[in-house]
Amino acid sequence: MRQTRLLIPTLREVPAEAEVVSHKLLLRAGMIRQVARGIYDFLPLGVRVLRKVERIIREEMQRAGAQEVLLPAICPAELWQESGRWERYGKELLRMKDRNDREFCFGPTHEEVVTDLVRRDVRSYRDLPLNLFQIQVKFRDEVRPRFGLMRGREFIMKDGYSFHVDRVECDREYDNMYAAYRRIFERCGLRFRPVEADTGAIGGSRSHEFQVLADSGEDAIVSCDRCEYAANVEKAAIGDAASAATAGAGGASCSASSATALRTVATPGQRTVEEVSAFLAVPAERFVKSLVYVVDGGGPVLAMVRGDHVLSEAKLKDALGAQAVALASEDVVARVTGAPVGFAGPIGLPSGVRRVGDRALAGLVDGVAGANAADQHLVGVAHARDLADVELADLRVAGEGDACPRCDGRFVLQRGIEVGQVFHLGTKYSAAMHATVLDADGAERLLEMGCYGIGVTRTIAAAIEQNHDDAGIIWPMPLAPFHVVIVPVNCNDERLRTTAERLHDELEARGIDVLLDDRDERPGVKFKDADLIGHPLRITVGPRALERGAVELKRRTEASADEVPVEAAAARVAALVAEGLGAPPA
């Protein structure tokens, strides 16, 4: 491919609307252009990267036994109403009406549509297991679309769904997809970690996220320094050793009889842990931070963590066996505690209010808690005396140094970008939509379902966030729009041009994705564009090296180039490309 025939509008300046590295570089490298907030054109180079990600996904899905389908982007409201998500999904769901006033939505995900397809055409257990996937445009009306392809409104996603006669079979397919996803991201050349995760709005009982490791990642994850355990900080289980160790930070354990007397102190206008900590000169780890939650839209629950810890709503939901939890409004807090927000505490609440606390509160002495009265707090709070009947569970967000729940290792904190997730959905959608099959005994059974998603466009952004420098993108070989760029320093020099064209044709014949920069530009401009775009390899055809019968071959990741004989250049490039793709040389 010749560069003069491609639309590659590179930019020297950083566009004002770009915030993160991937957004800046995708715009500057001429791969995308914004049409509206969160909606982008893909230009030729961007499409080439997109197709490479899609090809890897398709190959691994087919290898794993999944079948490709294409479901409609526009979905009828009645299917979403049947599942109950039409009302629950929220404003991210783009709703619309046709000329006959029938309601539709632009699918952000396709559980309803695929469940409807299967319930109409799959009747017997003999037709199972069944795994269907698609790669398609989705739309979610993000309240703040930002960061380019990282959090757009329109995006391309691979979503897959499996159907089974029982849980055992569904778990087997979950493990199959987990392994397939590992292969996909390994083939993309990315450094990643699969981590245990919350199922979120999709629902279900088992889930792993696939996180591309990058300092700019939105998600915080922890991984054990001794075993393979890893999880999102909201989901990560904290070992008992951490609970025992952190309890000591609040003071030595004591009996109820030896605890300091409980008393009320005035804290006018001091609401937050930070404010009260400074006012009373008491460290945050001796605080009981109390938060009122509404569970499944019903009754209130008081959840407690230590003052220097953060409550995980995902863990709270699991501990309560709830479908959803939400912070209570100011009115509910006042009704439950008799005080404004900021003064809630676990002592003296009405008898019907359930109280649940994090395990790190065990052994607390001389603690501080809200007094359930405006401008007042309690001091001298002791777990053994005052909170002995509180339910304890692992409720807090995990952090650096916490104990692993599976070995004697400790957590390392990392940043990640979620690019894929696998779920065990169970019968959440099949029960709501009555999707059944007849089992071997002729009995009707609800289908067990799994769900498996990959953000295709998000994977592109994540690859750049992980692989770049000050000069531009550094593509992993499997994702690069071109494996190698050939740069003749002067296209008007017939000898240089002829040599460059011959190398181009030879590499193309070997199946290498090669770009010939045949523009009438200065060498410095060409080199800057090559680094900006991120071609893994660059061949420079210059007069001095050519006098010696050689060209210069440079890796994008290295500062200097090597001279390679012209006759050996194509073979050398082919070997490097094969190495980068993880395949033996052709």
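## Secondary structure and overall dimensions

The protein chain has 17 helices and 31 strands. The model is a predicted one. Its C-alpha trace spans about 95 × 65 × 50 Å along the principal axes.

Of the 586 residues in the protein chain, 55% count as buried. Among contacts with a separation of 6 or more, 69% are made by residues 24 or more positions apart.

## Nonpolar cores

The largest nonpolar core holds 60 residues, and the members that touch the most others are Met 61, Tyr 181, Ile 184, Phe 185 and Trp 475. The element that gives the most to this core is helix α2 (residues 44–63), with 7 residues. A second, separate core has 28 residues, including Cys 105, Leu 132, Tyr 161 and Val 437. In soluble globular proteins, nonpolar side chains tend to be buried together.

## Packing of α2 against α6

Two packed helices are described by the angle between their axes and the distance between the axes. For α2 and helix α6 (residues 167–187), the angle is about 150° and the axes lie 9 Å apart. Angles over 145 degrees count as roughly antiparallel, so α2 is roughly antiparallel to α6. The crossing of the two helices, α2 and α6, is right-handed.

On the α2 side, the contact is made by Ile 56, Ile 57, Glu 59, Glu 60, Met 61 and Arg 63. On the α6 side, the contributing residues are Met 177, Ala 180, Tyr 181, Arg 183, Ile 184 and Arg 187. By class, the residues of this contact of α2 with α6 divide into 7 nonpolar and 5 charged, with no polar ones.

## Met 177 in α6

Met 177 is in helix α6 and is one of the residues through which α6 contacts α2. Its relative accessible area is 0%, and a value under 20% means buried, so Met 177 is buried.

Leaving aside neighbours within four places in sequence, Met 177 is in contact with Met 61, Ala 64, Asn 131, Val 422 and Tyr 452. Met 61 belongs to the largest nonpolar core. Gly 401 is 224 residues from Met 177 along the chain, and the C-alpha atoms of the two are separated by 31 Å.

The buried residues of α1 are Ser 22, His 23, Leu 25, Leu 26, Leu 27 and Arg 28.

These buried residues pack against both strands and helices: β1 (32–36), β2 (39–42), β25 (468–469) and β26 (472–473), together with α13 and α15 (523–533). Just after α1, Gly 30 takes a positive phi of about 70°.

## Thr 457 in α13

Helix α13 (residues 456–466) contains Thr 457, and α13 is one of the elements against which the buried residues of α1 pack. With 4% relative accessibility, Thr 457 counts as buried.

Leaving aside neighbours within four places in sequence, the contacts of Thr 457 are Phe 42, Leu 50, Leu 149, Phe 155 and Ile 156.

## Backbone geometry in loops

The peptide bond from Leu 128 to Pro 129 is cis, with omega near 0°. Pro 129 is found in the loop between α5 (111–121) and β7 (130–139).

Two aspartates have positive phi. Asp 101 has phi near 65°, a positive value in a residue other than glycine. Asp 101 is placed in the loop between β5 (94–97) and β6 (103–106) and is exposed, with a relative accessible area of 53%. Asp 375 likewise has a positive phi, near 60°. The loop holding Asp 375 runs between β18 (367–370) and β19 (376–381). The relative accessible area of Asp 375 is 34%, which makes the residue partly exposed.

Key. Residues numbered from 1 in each chain as written. Predicted model: local features only at pLDDT ≥ 70, side-chain atom pairs only at ≥ 80, totals over all residues. Heavy atoms only, no water. Core = buried A, V, L, I, M, F, W, Y, C linked by side-chain atoms within 4.5 Å. Buried < 20%, exposed > 50% of the residue type's maximum accessible area, 1.4 Å probe, protein only. Helix = DSSP H or I, 4+ residues; strand = E, 2+ residues; numbered from the N terminus. Contact = heavy atoms within 4.5 Å. Axes fitted to C-alpha atoms, helices over the stretch in contact; angles between N-to-C directions. Parallel < 35°, antiparallel > 145°, perpendicular 65-115°, else oblique. Left-handed = near helix turned anticlockwise from the far one by under 90°. Nonpolar A, V, L, I, M, F, W, Y, C, P; charged D, E, K, R; others polar.
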